[in-house]
Amino acid sequence: MTTTPARTEVAAARIVDGVKVYGQGLTEVTALRSVTAAFGQGQFTAIMGPSGSGKSTLLHCLAGLDTLTSGSVYIGDVELGSLKDRPLTELRRDRVGFIFQSYNLIPTLNAEENILLPLSIAGRKPEKAWMDKVIEAVGLYDRLHHRPTELSGGQQQRVAAARALVSRPEIVFADEPSGNLDSKAGGELLGFMQRAVREFGQTIVMVTHDPISASYAERIVFLDDGAVVDTMADPTPERVLDRMKRLGG
Amino acid sequence: MLRAAIRSLLAHKTRLGLTAVSIILGVAFIAGTYIYTDTTNEAFADVFDTAFEGVDVYVSGDSEFAFGQGVYFDQSVADDIAGVAGVERVEPALTVEGVQVIGPDGEPIGGGGPPQFGASVPSAEDQVATSFLLREGRAPVGAGEVVIDGSTVRAGEFELGDTVRIVSPTAVAEQYELVGVIGFGDADNLAGATVAAFDLATIQAISGRVGRLSDINIQAEPGVAVDGVVSAIEAVLPEDVRVQSAQSAAEEQAGEIQGQLGFFTNFLLVFAFVALFVGSFIIYNTFRIVIAQRMRELALMRAIGSTRGQVVRTVLLEAVLVGVASSLVGIAAGFGLAVGLRAILDAVGLDLPSGSMVLVPRTVIAGLVVGVVVTTASAVLPAVAASRIPPVAAMRADELAPRRQSLRLRAVLGTLVLATGAVLIYVGLTNDSASTTVALSSVGIGALVMILGAYALSALLARPVAAVIGAPFARFFGVAGKLAQRNAGRSPRRTSATAAAIMVGIALITLASIMSASIQATVDEIFATGVDAEVVVTAGFDSNVGFSPELAARAAALPEVDAVTRVPFGPALLMGDETFVSGLDPNYADFFTIDEVDGSLDLATGEVLVDSRTARDLGWAVGDPVELVFEETGPQQFAVGAVVASDAIDGISITREAYDANFAINADSQVYIQLADGVSPEQGRDAVAAVTTDIPTADVQTNEELTDSIADQVNRLLSLITGLLGMTVLVALIGVTNTMALAVFERTREIGLLRAVGLNRPQTRRMIRFEASIISTFGALLGVALGIFFGWAIVQALADEGFTTFVIPWVALAVWVLATAVLGVLFAIWPARRAAKLNVLAAISHE
């Protein structure tokens, strides 16, 4: 099943007939079976599915962290499969933002340095106004010079989120960002991500298994056994849970 | 448990292989040294056995003078012995040192270690020592003939009938006809020594020992017990002559050589020890990191029921296995080292006899024991730490926060240990009453203790110093540099353990550099301000005797030369201890700058002149009586005539007249020459050299050339020492590779994150390489600081011996620090590449 992009411009990220196979012979596993999907600009999309559905694999391939066995992935109009390591790295640095479930921060850098990390790597300075806005939105103004060990789990994830946004990437990929947080901290983080999309026009694609987290998104793509099986617009936790029940075996 | 340990080791082959290198090096040094000296000792024993073949009883002079010419006794002793019952045949002999055969290039053949003998050839009826063989030609007869050993003949490309120039300490080169070639048993020479043999009367004349002998070889009648003959002969001997069986003589002489080799052995063993000391740091560090890595596994063992003791034993068992394996490899490598040692010594001119390699059980046991003990001891602390891992650590999914143990305890302990070491060194260097061995041990142990103390304290310095050293990297290399700077200071304990291994080698290199620079500066000063002579003639470093006084006479006659003073040196006993006494010409004060004088510089024949330091040590004042015992003339009475403070004068001196009266050998050790106005030092030197071509044993040099050649010698020794120590630094750098490889492994997720967020491969590599460079530089700086302290302490202690200047060769030290920084980068290339090659996705998901 295919999905239509929300807007008419080029999608922020696209995958066309994506196939990912691991292993060989008897141990062969097909994680993605000819997946085609597009993620529009300025949208907050969640990818959901039971474990083993291939949702993390899909995210990794979209983000350029993993390569497809066949098919193509586009960030904007750049096809990732054709890129060598250096340009791929630069693409991740300049055009993509990441929020991982855990271990997002470099322990030897303080919060501010972590936030500015991709920019420092590129040797660029941040836009002051934008940076102030992001830091304020994420509520970390008085924590900027603390090291990650001095921050709570929720604060660490918010630092990660700020980092993902500060370089104004075309798209942000989040892999279970609230997975390790308690419900309050998780809610705060997801709320911030929502604001980023609605107020700042960012594009976010998030993988999650939690219906409540998923409900923060505008659109959900359901994956089961390596294939897209359904989409849902304007989700609520109840509808999501309901749909999830009918997935998997 | 053994099997588990072996499997665990094999799983981490590379890491432990790198660690083992240091142990292998240390054990190789130990084994190689022992193999070499054992081999050489046995070869020498063979040589002396050969020399005494056919001889039953040996008679020689009894000399208390180690540096003397040996005691020479009257020829009539041989006649007395001939009349003793049981004596079949008597072979009187005269052997002297310092008789040199001049080769076709004008330089003496041989020298530089093995002695250069002049000997007498026995007549056919008298010959007892059967190994002394005439290979070609005939025995020499009369004053103009000589026979020479086969090796020297080959080296000089001589043929029978050639005219050969030979020099003795008292004469200029004379010419002789080569009438025969001799050998010793199967060998062409006697343990590398050169031998020029003449008939007895001739060698007596050449060496100034007319009517004297140095030894007698005696053959007993067949069937007569040797001991009986020995006692019988003893009865007829005068006081300074002794008798012993040939066997005991051979053993005694072989033993003397072994004693001298012993010094060399100890020198090399010190380096072995340094290598092992460095190795212990590396092993400690590696085991610590390995255990941190296996924390889950060890916690699991504890969770399912292993006791603490079992965990400790497991770790120690692995250490023992590593120790055994490394030691065995090291012993094998020791053979290679022994071969290499032989080659190096050959190249330096020390042609020691060799044979097949000797491997005694002592060598194997020593190597194994030392290797295993060092490895295991270094792993004890990490093993104990391993046993303290709480079982619950097996269950935790998240990372355990690093222990924030207080470094305060370390600071206190470290300072205490450092101070203790400093005190030990101080005591060792300043305590005059203790024997040399005790003093040296105190200094050595003190240095070791200080190094440990410095290591303990370095953990406190790691973070701030790494920040400073890393600042230029952070400034100029962006994120890669900044992360390197932060990471270097991140685990102070690990950084300091890695750096400390480098610190040891660099500290000793620094010490050697400081000593050599200070020696050179002192020598420069002596010759610049203390000596007033443009040209100096010395006996050359090879020779241990002087040259003919003819040289001074001829130089004085030259128009270019204004004045000449001669200085001979000879041994004398002062209160039972052997010391060197010099003879001063009446004009000596014109040549040597004298800063202060007590008494009169105008020395009378019955007076001695002594330098102020020696006078102070001995408690002498002007007028005090002094008794000197000379080899030739026995005890002689003097009085202190002058106490002087001078850079150039050291020890005890008597007038030339007194010297000539008490020493039979009339040879000069040094001649100082002042040139006429308008003559350049080079012109003067050339003029003197031109008229003394037949005294090749004398080196004619300008003042400057002499200090340069002394500097050269010092530098050569420094290079040798630095080379050996440099090896330990390289081994320590392997420790850096180890640490970085493990750091990369530990930071897999972090590196994955950085790569995900946009750090490219070159930047990743730089980050790792720079961190290694910072750590290495830290170690080098610590080493330099420690080495400067050691150097200062030693120079202070030696100030009494004449060490006037303390020089720190800053440029050389800076070069070493820089070299270490660069090498740190090189040794991190492999871990850096591994870091950059990490698969980003796998890294992020790494547990």
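This is a predicted model: local features need pLDDT of at least 70, side-chain atom pairs count only at pLDDT 80 or more; totals for chains, interfaces and linings use all residues.
Modeller: Over all chains, the count comes to 30 salt bridges.

Colleague: Why is the pair of Asp611(B) and Arg613(B) called a salt bridge?

Modeller: The closest N and O atoms of Asp611(B) and Arg613(B) are 4.0 Å apart. The rule asks for a side-chain nitrogen of Lys or Arg within 4 Å of a carboxyl oxygen of Asp or Glu, and the pair is therefore counted.

Colleague: Are Asp611(B) and Arg613(B) buried or partly exposed?

Modeller: Asp611(B) has a relative accessibility of 2% and so counts as buried, the cut-off being under 20%. Arg613(B), at 22%, is partly exposed, because that class runs between 20% and 50%.

Colleague: What makes Arg124(A) and Asp94(A) a salt bridge that links distant parts of the chain?

Modeller: Their side chains meet at 3.1 Å, N to O, and the rule requires a distance within 4 Å. Arg124(A) lies in the loop between H4 and helix H5 (128–138) of chain A, and Asp94(A) lies in helix H2 of chain A, 30 residues apart. Arg124(A) is at 39% relative accessibility and so counts as partly exposed; Asp94(A), at 23%, also counts as partly exposed.

Colleague: How do you know that the salt bridge of Arg486(B) and Glu113(A) crosses between chains?

Modeller: The closest N and O atoms of Arg486(B) and Glu113(A) are 2.6 Å apart. Arg486(B) belongs to helix H13 (residues 478–488) of chain B, while Glu113(A) belongs to helix H3 (residues 111–115) of chain A. Glu113(A) has a relative accessible area of 16% and is therefore buried, since the cut-off is under 20%.

Colleague: How many residues does each chain bring to the contact, and what area is buried between chain A and chain B?

Modeller: Chain A contributes 26 residues and chain B 23 residues. About 2300 Å² is buried between them, and carbon and sulfur atoms give 64% of this area. Of the area that chain A buries against chain B, 27% is supplied by Tyr103(A), Thr108(A) and Ile121(A), more than by any other three residues.

Colleague: Which polar links are found across this interface, and how many?

Modeller: The rule finds four salt bridges between chain A and chain B. In one salt bridge, the side chains of Arg755(B) and Asp85(A) meet at 2.9 Å, N to O. Helix H2 (85–95) and helix H4 (117–122) of chain A are the elements that give two or more residues to the side of chain A that touches chain B. H2(A) gives five residues, the largest share. By class, that side has 11 nonpolar, seven polar and eight charged residues.

Colleague: How many aromatic pairs does the structure hold, and why is that of Tyr36(B) and Phe264(B) called edge-to-face?

Modeller: There are 21 aromatic pairs over all chains. The ring centres of Tyr36(B) and Phe264(B) are 6.4 Å apart and their planes stand at 70°, so the pair is edge-to-face: the centres must lie within 6.5 Å and the planes over 60 degrees apart. Tyr36(B) is in helix H2 (residues 13–51) of chain B and Phe264(B) is in helix H7 (residues 246–293) of chain B, 228 residues apart. Tyr36(B) counts as buried at 4% relative accessibility, whereas Phe264(B) is partly exposed at 21%.

Colleague: What makes the pair of Phe273(B) and Phe277(B) stacked?

Modeller: Phe273(B) and Phe277(B) are 6.2 Å apart, centre to centre, with 10° between the planes. Planes under 30 degrees apart count as stacked, and the pair is therefore stacked. The two residues are four apart in helix H7 of chain B, so about one helical turn separates them.

Colleague: Why is Ser776(B) called buried, and what surrounds it?

Modeller: Ser776(B) has a relative accessible area of 0%; the cut-off is under 20%, and the residue is therefore buried. Ser776(B) lies in helix H21 (residues 761–797) of chain B. A polar atom of its side chain lies 2.7 Å from the backbone oxygen of Ala772(B). Leaving aside residues up to four places away in sequence, Ser776(B) touches Ile502(B), Leu733(B), Val736(B), Thr820(B) and Gly824(B).

Technical notes:
Residues are numbered from 1 along each chain as its sequence is written. Chains are lettered from A and ligands numbered from 1 in the order in which they are written. Side-chain values use heavy atoms; hydrogens and water are left out. Buried means under 20% relative accessible area, exposed over 50%, partly exposed in between (1.4 Å probe, protein chains only). A polar contact is a pair of N or O atoms within 3.5 Å; within protein, one must be able to donate a hydrogen and the other to accept it, and residues adjacent in sequence count only if both atoms are side-chain atoms. Contact means heavy atoms within 4.5 Å. Buried area is the accessible area (1.4 Å probe) that two parts lose on being put together, summed over both. Ala, Val, Leu, Ile, Met, Phe, Trp, Tyr, Cys and Pro count as nonpolar, Asp, Glu, Lys and Arg as charged, and the others, Gly among them, as polar. Rings of Phe, Tyr and Trp (its six-membered ring) pair if their centres lie within 6.5 Å; planes under 30 degrees apart count as stacked, over 60 as edge-to-face and the rest as tilted.
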